[in-house]
Amino acid sequence: MTDYNKILERAGLRPTDAREAVLETLYRIGRPASHGEVAEALRGELDRVTIYRNLYLLEEAGLAHKVQGVDGKWRFCAHDPDVVGCPGDHSHFLCLSCGKMICLLGQALPHVDVPDGVKVQGKQLVVYGLCPECSRDRQK
Ligand SMILES: [Zn+2]
Ligand SMILES: [Zn+2]
Ligand SMILES: [Zn+2]
């Protein structure tokens with residue numbers, strides 16, 4: 001069993017019920033989840049503002065990655081080399097039909113040269129198309 005409080009403490013965050021619930025939910029969903037998907041999984045246990053705040057807090061503490069799909073939604077996936085086996089920031093795939101995003105864990109983001117003086121604040125690579133289920137449905 002995963003001890004979410006220990007993960008929070010290791011990242012320098014004081015464990016609270018809300019933080020534990022949001023982190024546990026990211027692990028349970030097991031793929032990048034949007035604010036709405038986390039809220040749905042928590043079935044009204046936490047209000048939307050609290051969920052929103054805690055997702056960003058977890059990301060800032062290095063316990064989650066955030067990535068935006070071409071549908072404009074930000075999604076969050078859990079980060080922990082010991083539990084998720086995630087070595088670092090990685091590429092993602094978004095299905096345009098069902099909206100499911102998956103982590104491509106083994107695939108690091110490519111190196112990108114930027115001009116001198118540029119301050120990089122994030123990097124992402126999202127491949128999109130149809131997931132195996134949706135692509136099978138289209139062929140019927
Ligand atoms: Zn990670
Ligand atoms: Zn799909
Ligand atoms: Zn991911």
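I looked up Ala 33 first: its bridge partner in β3 is Phe 76. This is a predicted model, where local features need pLDDT of at least 70, side-chain atom pairs count only at pLDDT 80 or more, and totals for chains, interfaces and linings use all residues. Residues are numbered from 1 along each chain as its sequence is written, while chains are lettered from A and ligands numbered from 1 in the order in which they are written.

*The sheet.* My labels are DSSP runs numbered from the N terminus: helices are H or I with at least four residues, strands are E with at least two. Two bridges link β1 to β3 (residues 74–78), and these strands run antiparallel. I call two strands paired if DSSP finds at least two bridges between them. I then noted an open sheet of three strands, ordered β1-β3-β2, with antiparallel pairing. At the edges sit β1 (33–34) and β2 (64–68), each pairing on one side only.

*Trp 74.* I found Trp 74 in strand β3. (Buried takes 20 or more other C-beta atoms within 10 Å, exposed means 12 or fewer, partly exposed is in between; C-beta atoms are placed from the backbone.) Leaving out residues up to four places away in sequence, Trp 74 touches Ser 34, Lys 66 and Gln 68. A contact means C-beta atoms, placed from the backbone, within 7 Å.

*Helix α2.* Next I checked α2 (residues 17–29), which packs on the sheet and touches β1, β2 and β3. Its buried residues are Arg 19, Val 22, Leu 23, Thr 25 and Leu 26. Seen down the axis of α2, they fall within an arc of 155 degrees, so they line one face of the helix. (The arc is that of the directions from the helix axis to the C-beta atoms.) After α2 comes Gly 30, with a positive phi near 75 degrees.

*α2 against α4.* How do α2 and α4 pack? Their angle is about 75 degrees and their axes are 10 Å apart. That makes α2 roughly perpendicular to α4. (Under 35 degrees counts as roughly parallel, over 145 as roughly antiparallel, 65 to 115 as roughly perpendicular, the rest as oblique. Axes are lines fitted to C-alpha atoms, for helices over the stretch in contact, and angles run from 0 to 180 degrees between N-to-C directions.) On the α2 side I listed Ala 18, Arg 19, Val 22 and Leu 23; on the α4 side, Thr 50, Ile 51, Asn 54, Leu 55 and Leu 58.

Conventions:
Contact = placed C-beta atoms within 7 Å.
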